[in-house]
Amino acid sequence: MKALIQQAQIFNKQHEYEKASIQYHKLCSIDSTNSYFQRKQGEYAWETGAISKAIEAYEKCLTLNASDQLASLQLSDIYQEIKQVERAKTCIEKALNYDSLNTSLLANYAKINYRLKNYTGVIISLEKINAIKGDTSLTNIKLLAISYFHLDKYSIAIELFKKLEVESELSEVSHYYLGLAYKHENEIDKSNYHLKQAISKGVSENISSYYTNLAINYEEAGEHKLSIQAYQTAYRYSQDK
C-alpha cells in the first residue's frame, strides 16, 4: 500500500489527478474500511470532474468516519455546486453535531442558509464565528449586512456596509443594498448615491432594478423628469436581457 500512496502523491504533485485517483481506487479495493482512502478518492474524483464518483466516495468516508470534518466540507461544496443545497445542509448539520464550534463548518453553514434565504440562520452562524475568533472577514461582513437588510434591520445593515466601505470593498450588490437600506431610513441623497454607484459598477442583469429604484426615489422627491429618464433606462436594460 505504501507504494500506491507514494505514486498517488507523485501524481498529485504533477497535477495528474486522474492517475492519482486510480491509485486510491486500488487502495480502497485493498482496504475498503479506510475512511482516509475514501476521502482522497473523493478529492481526486472531484478534481477530474467525476462528480458522482466523488459523492459516492465522500459518502462512504462519512459512513466510516462521521466526524471527518474535511470530508463533510468538501461534500457540502459539491452538493452546493450541483444545486442540491438541502443535501449540503444535512451534511453540515451532521458534522456540526460532532463539533458545533468549528468555524469552517459554521461558515459553510452560513453560506448554505444564505442560498436558502434563511437569513436568521446566516446571522446565527456568523455571529457565533465572530464570538469565537473575532471574525473580520469582508465576505462574512457582506453576508451579515445583506442578511440584516432582508430582516428589515436597516440600521444594522448600514453600519456593516460602512465597514466594507472603509476597506473600499463595496461591490455592485453591496452598493445596491446599501442604497435600499438608506431609502428605508429616509436618507434619500445617500440612497441615490449608492444606487448610482451600483449602476456605475454594474455588470450583472440587475441594472434595470437599480434604475427602477433610483426612479422611485426621484418620483417620491418630485423630480419627475429625472424619474422618467431613470424609468426609461430601466426599461431599456430590461429589454436587453
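Guide: Happy to, and let's start at one residue. Lys190 has a relative accessibility of 41%, so Lys190 counts as partly exposed. Keep in mind as we go that this is a predicted model. The partner of Lys190 is Glu187: their side chains meet in a salt bridge, at 3.1 Å from N to O. Glu187 is partly exposed as well, with a relative accessible area of 31%. Both values sit between the 20% and 50% cut-offs, which means neither residue is called buried or exposed.

Now hop over to helix 10, which spans residues 154–166 and holds both Glu159 and Lys162. These two are three residues apart, about one turn of the helix. They form a salt bridge too, and the closest N and O atoms are 3.4 Å apart. Glu159 is partly exposed at 45% relative accessible area, and Lys162, at 32%, is also partly exposed.

Next, look at Glu16, which pairs up with Lys19 in a salt bridge whose closest N and O atoms are 2.9 Å apart. Here again you get two partly exposed residues: Glu16 has 29% relative accessibility, and Lys19 has 41%.

Stepping back to the whole structure, the count of salt bridges comes to nine.

Note on methods:
Residues are numbered from 1 along each chain as its sequence is written. This is a predicted model: local features need pLDDT of at least 70, side-chain atom pairs count only at pLDDT 80 or more; totals for chains, interfaces and linings use all residues. Side-chain values use heavy atoms; hydrogens and water are left out. A salt bridge is a side-chain nitrogen of Lys or Arg within 4 Å of a carboxyl oxygen of Asp or Glu. Buried means under 20% relative accessible area, exposed over 50%, partly exposed in between (1.4 Å probe, protein chains only). Helices (H or I, at least four residues) and strands (E, at least two) are DSSP runs, numbered from the N terminus.
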